[in-house]
Amino acid sequence: MKTKLFFLFILVLFTVFAYAQLDNQWLIINNIGKDGTNLDHTNRFRNALPSNFILRNVANPVVSPTRPARNDLFVIYMDGTHFNTRYELGSGTFFPGPGYETSINHSFITPGNPVRYMYLTNRYEGDDLPTNVILQPSSNTLPPPVYTLGRTNSYPGRLMEANHDVVQNKDITLIIDQDSLHVVPQDSQAKFFVVFNNLIPLSSLSPPAGIGPFFTLDPIFVNGSNPLEAVFPENTFDASNQQRIRLIYNASKPFTYINLIPTEKITLYGPDRQGDPRYAAEFKIVDARDNIIEIHKEPIVASHDPNFLRVAKICKSHDGTQIVSYYLQFRNTSRDQAASMLKVQITFPHDAIQDCIHLVEWSPAGDPAARDVNHPANIWTITYDPAMTLSVCSDIDGSPDCTGYLKFNVGFPSSVDVQDINYSLRLPTIVTFDQYSYPVLDFEDLIDTKGDTLFRPAKIANCSCGNGPCGLPCILGGIAAAIIAAFLFMWRRRRRRL
């Protein structure tokens, strides 16, 4: 969605674009630089970038032995060519020289061709607050560190590429080399199509049991006076069939770009709990007879975002009651400031048993009496004691004192089959640090396979809603109390007989 807002400031008129559903990693849209976000989390674009520019408030990756750390850029220029740093060796273009490792402001030189679109892939978790990421034009001397943007002319041996792998809630842009596809002159009139809704297992797993679509077109490109479109540039495609994009050759525009976003069904085929991919997406170029010209595969992975919601386990009672246990984690990723004024908001489905929702455990803990839980209808707001803070992480993987969590149970009636993967257990969740609110986008479902069937495993037990937030300790205490009561009863009975 695109909304145009006009502001008059010092008698200068400029345009602001707000994109509601836009992936936060898009930094330049139609040559307009990002300028933070609005209060409703929409991205704000309002800085025209005629040439060189400065990117502010983006942290550099911290090298870690446990995961790759890279800042990668995907750039589309005004003339339709592009620059993709994904396959560069070492730390890549977007990494500062010695002495600038802690810099959060970066200067970019364009190769005599203004940038029309730019996407940042940050393969690490840094202090990049969406509200603060800003791009500004610069016609003066650029402050260091300075990076020079290049150009990617081809991908040897490949007709199709992507700007990164498949990540839940993140756009993925396919790059089709039309010049190489139509290398034979008579092929300029040939009909080629791009199809993109197929998944394959990466090991001995069964093929996907679910039915797509696994991807949908995500319109972010401006083609002339047309409404926003998901394919760019104009006159290189026919998207009348949104599941089968026809490629149209234009000798002056060597590449075509198709922007997709995974649907929620991708969640079922994400990586395992160790982070290893289980499935990959297949993107194909086919001809008019569906003969495969090329297949491009991308693994389905998870981001390194330490803020996530996980289905921990499911319990089903013989009376039909079902208890879904959740684990919510959130972390302070600032490098120099503790996080305070902590608050969590969770929206529960109307199918849930509203008086069967209970907090089990939370951190930072503090005094339970200081914790405020407000839950009108199906929306719970947990406000922590102001004295409770999350410190700065001492290492990239997160120390306990910089990480908070909630463990909670949600009850469902027997009329809802929570083991059915077609029933969504994702809960809209927002975490607030220092009055800045962040939706928790990463969701880890509890998925298992049985033959060709995907399902959520459940333990059959005498599970119940419980009485409050103490959870397991209360249950164990209740059992202990029952045993003691039974022992006392038998002891008294025996004494009477004596």
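Biologist: Are phenylalanine 412 and tyrosine 423 buried or exposed?

Modeller: Both phenylalanine 412 and tyrosine 423 are buried, where buried means under 20% relative accessible area, exposed over 50% and partly exposed in between (1.4 Å probe, protein chains only). Please note that this is a predicted model, in which local features need pLDDT of at least 70, side-chain atom pairs count only at pLDDT 80 or more, and totals for chains, interfaces and linings use all residues. Residues are numbered from 1 along each chain as its sequence is written, and side-chain values use heavy atoms, with hydrogens and water left out.

Biologist: How is a pair of aromatic rings described?

Modeller: One gives the distance of the centres and the angle of the planes. Rings of Phe, Tyr and Trp (its six-membered ring) pair if their centres lie within 6.5 Å; planes under 30 degrees apart count as stacked, over 60 as edge-to-face and the rest as tilted.

Biologist: How many aromatic pairs does the structure hold?

Modeller: There are 24 aromatic pairs. Tyrosine 327 and tyrosine 405 form a stacked one, with 5.7 Å centre to centre and 25 degrees between the planes. Both tyrosine 327 and tyrosine 405 are buried. Phenylalanine 412 and tyrosine 423 form an edge-to-face pair, at 6.1 Å centre to centre with 85 degrees between the planes.

Biologist: Which residues do ring pairs link into a cluster?

Modeller: The cluster consists of Trp26, Phe74, Tyr117, Tyr119, Phe221, Phe232, Phe255 and Tyr257.
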